[in-house]
Amino acid sequence: FPVTILHKNEGVKDSEHICELIHLGGDYDALKEGIMSGSFEVNELRFFIGYSGWGPGQLKEELKQGAWLVVTPPEHFNIFEVDDEHLWKKLVNDLGGAYAAMADYPINPSDN
């Protein structure tokens with residue numbers, strides 16, 4: 001499975017600066033060494049397993065069509081300190097209106 005890593009460690013070789021305190025990827029061995037040596041805190045990394053990708057212009061078109069829910073993170077939001085189990089539900093519920101009902105949909109549609 002492909003793995004994507006978000007982290008706070010700006011000194012990691014080949015990582016990409018995304019925004020304040022968030023870096024994407026980089027040298028896996030350097031990240032691993034940072035964890036093993038204790039110089040990186042485990043709560044300063046997020047691992048995402050799986051793959052998603054779009055053809056040229058596909059995501060832009062999907063956004064234009066309203067196929068994605070786009071939210072502004074709450075003030076003081078920190079991806080490294082979030083409660084994973086309830087994040088999606090909270091952010092969708094915060095949209096209010098018709099979206100609030102979606103927050104109660106089961107994660108697995110077959111559980112409905």
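Mentor: Happy to! Let us begin with confidence: the protein chain has a mean pLDDT of 86, and 99% of its residues reach 70 or more, where pLDDT is the predictor's confidence in each residue, from 0 to 100. This is a predicted model, in which local features need pLDDT of at least 70, side-chain atom pairs count only at pLDDT 80 or more, and totals for chains, interfaces and linings use all residues. Residues are numbered from 1 along each chain as its sequence is written, and side-chain values use heavy atoms, with hydrogens and water left out.

Now the setting. The protein chain has four helices and four strands, in the order β-β-β-α-β-α-α-α along the sequence; helices (H or I, at least four residues) and strands (E, at least two) are DSSP runs, numbered from the N terminus. With a radius of gyration of 17 Å, well over the 13 Å that the globule rule gives for 112 residues, the protein chain is more spread out than a compact globule. That radius is taken over C-alpha atoms, and the globule rule is 2.2 Å times the number of residues to the power 0.38. Along its principal axes, the C-alpha trace spans about 45 × 35 × 30 Å. Of the 112 residues, 21% count as buried; buried means under 20% relative accessible area, exposed over 50%, and partly exposed in between (1.4 Å probe, protein chains only).

The part I would pick is strand E3, which covers residues 22-24 and includes His 23. His 23 is buried, with a relative accessible area of 7%. Leaving out residues up to four places away in sequence, His 23 touches a run of neighbours: Ile 5, Leu 6, His 7, Lys 8, Asn 9, Glu 10, Ser 15, Glu 16, His 17 and Ile 18. A contact here means heavy atoms within 4.5 Å.

Ile 22 also sits in strand E3 and counts as buried, at 17% relative accessibility. Beyond four places away in sequence, Ile 22 touches Leu 6, His 7, Glu 16, His 17, Ile 79 and Phe 80. As for Lys 89, it is 67 residues from Ile 22 in sequence and 23 Å away in space, C-alpha to C-alpha.

Leu 21 is partly exposed, at 49% relative accessibility. Look at its backbone too: phi of Leu 21 is near 65°, a positive value in a residue other than glycine. Most residues other than glycine have a negative phi. Elsewhere, His 76 also has a phi near 65°; His 76 belongs to the loop between H2 and H3 and is exposed, with a relative accessible area of 71%.

Finally, visit strand E2, where Ile 18 lies. Ile 18 is partly exposed, with a relative accessible area of 44%. Ile 18 and His 7 are 11 residues apart in sequence, and their C-alpha atoms are 10.0 Å apart in space.
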